[in-house]
Amino acid sequence: MSGAPWYLDCDTGVDDALTLGLLVAQGADLRGVGTVSGNLAAAGGARNTLDLLALMGRPDIPVAVGEHDPIGGVFDPTEGAKVHGVNGVGEIVLPRAGEPVDESAADMLIRLAHEHPGSLRVLAIGPLTNLALALERDPALPSLVAQVVIMGGAASAPGNVSAVAEANIWNDAVAANRVFSASWPITMVGLDVTMHARFEESHRVALAAGGASPQALAAMLGVYFQFYTPILGRPSCALHDPLAGAIALGLVVPTLAPVVPVEIDDTAGPGRGQTLVDLRGRFVGYPLQAGARHTVVLEVPEGFGDALLEVLLRLP
Ligand code: BDR
Ligand code: CA
């Protein structure tokens with residue numbers, strides 16, 4: 001699957017940065033990256049993405065700035081800064097490199113889909129604003145895109161922003177509803193699996209002994225570990241976006257991923273941002289339900305932290 005052309009939509013972000021490393025180290029055919037406000041503003045996410053891609057030896061990959069505000073709302077950087085630092089990359093200073101292209105993220109996605117009809121794959125690891133906007137601009141998009149892999153949501157795990165909502169869905173629930181309702185094949189990689197995919201202190205130390213890009217990734221993990229340590233009970237962090245990237249590339253093969261109906265709560269009530277995943281088939285092996293279209297990853301093999309470390313240490 002890594003031979004397919006990919007569009008990445010992200011909010012770079014510490015775990016987004018690890019995902020860029022994974023995609024580059026694995027030689028993914030990354031045709032373009034669009035950024036969206038989430039962990040930080042879309043423009044800052046593009047800055048981080050450009051700097052990281054250059055450090056990783058891929059300054060040729062075009063980066064487009066996407067939507068600053070969620071649909072019908074105003075971007076608030078407060079929560080993202082607590083998790084990823086104000087600059088999104090744990091307050092480390094990256095060597096500055098390159099400029100974003102003169103095209104919006106949504107337009108980049110639409111263009112790439114038309115250039116690679118039936119083969120473009122989309123990996124979305126931030127709020128889904130750009131994807132929703134692209135759907136609005138080009139209703140043919142779902143018929144052109146081969147697969148959409150989304151880091152977002154929680155099928156039966158608790159949320160990480162509210163009792164039920166995961167951050168990427170919460171940050172633009174209206175967009176998420178539109179994206180999940182569109183007729184393209186979606187694979188949802190949510191907190192059910194990503195909270196169990198971890199880097200421990202030993203991984204961070206090993207990464208710090210690598211080349212310039214692994215060292216930078218290890219340095220930005222400081223702030224991210226600080227956020228996750230009280231949540232996970234020991235110095236460690238969750239590998240949300242990298243796990244979605246590894247599943248997208250076929251590096252991790254889920255051991256349980258039923259095709260089930262998924263709806264998004266985009267109301268303003270306490271359920272806002274919840275992914276309503278119909279798991280009623282659980283006790284009879286998830287027989288295919290009428291209208292079910294979304295592949296929801298519920299279990300993956302253990303040991304992803306070790307596998308990711310090995311891949312990232314290949315970076316320059
Ligand atoms: C998601 O939210 C962001 O903080 C991370 O980058 C990840 O995409 C996890 O809920
Ligand atoms: Ca992200």
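In the predicted model, the shell around ligand 1 draws at least two residues from each of α1 (14-25), α7 (167-171) and α12 (240-249), helices being DSSP runs of H or I with at least four residues, numbered from the N terminus. Asp15, Asp16, Asn39, His84, Ile125, Met151, Asn160, Glu166, Ala167, Asn168, His240 and Asp241 surround the ligand, and these shell residues comprise three nonpolar, five polar and four charged.

Oxygen atoms of ligand 1 are approached by polar side-chain atoms of Asp16 at 3.0 Å, of Asn160 at 2.9 Å and of Asn168 at 2.9 Å, where a polar contact is a pair of N or O atoms within 3.5 Å. Of the 280 Å² of accessible area that ligand 1 has on its own, the protein covers 95% (Shrake-Rupley method, 1.4 Å probe).

Distant parts of the chain are linked by the pair Asp16, in helix α1, and Asp241, in helix α12, which lie 225 residues apart.

Residues are numbered from 1 along each chain as its sequence is written, while chains are lettered from A and ligands numbered from 1 in the order in which they are written. Local features need pLDDT of at least 70 and side-chain atom pairs count only at pLDDT 80 or more, whereas totals for chains, interfaces and linings use all residues, and side-chain values use heavy atoms, with hydrogens and water left out.

Conventions. Near = heavy atom within 4 Å. Polar contact = N/O pair within 3.5 Å; in protein donor to acceptor, adjacent residues only side chain to side chain. Nonpolar A, V, L, I, M, F, W, Y, C, P; charged D, E, K, R; others polar.
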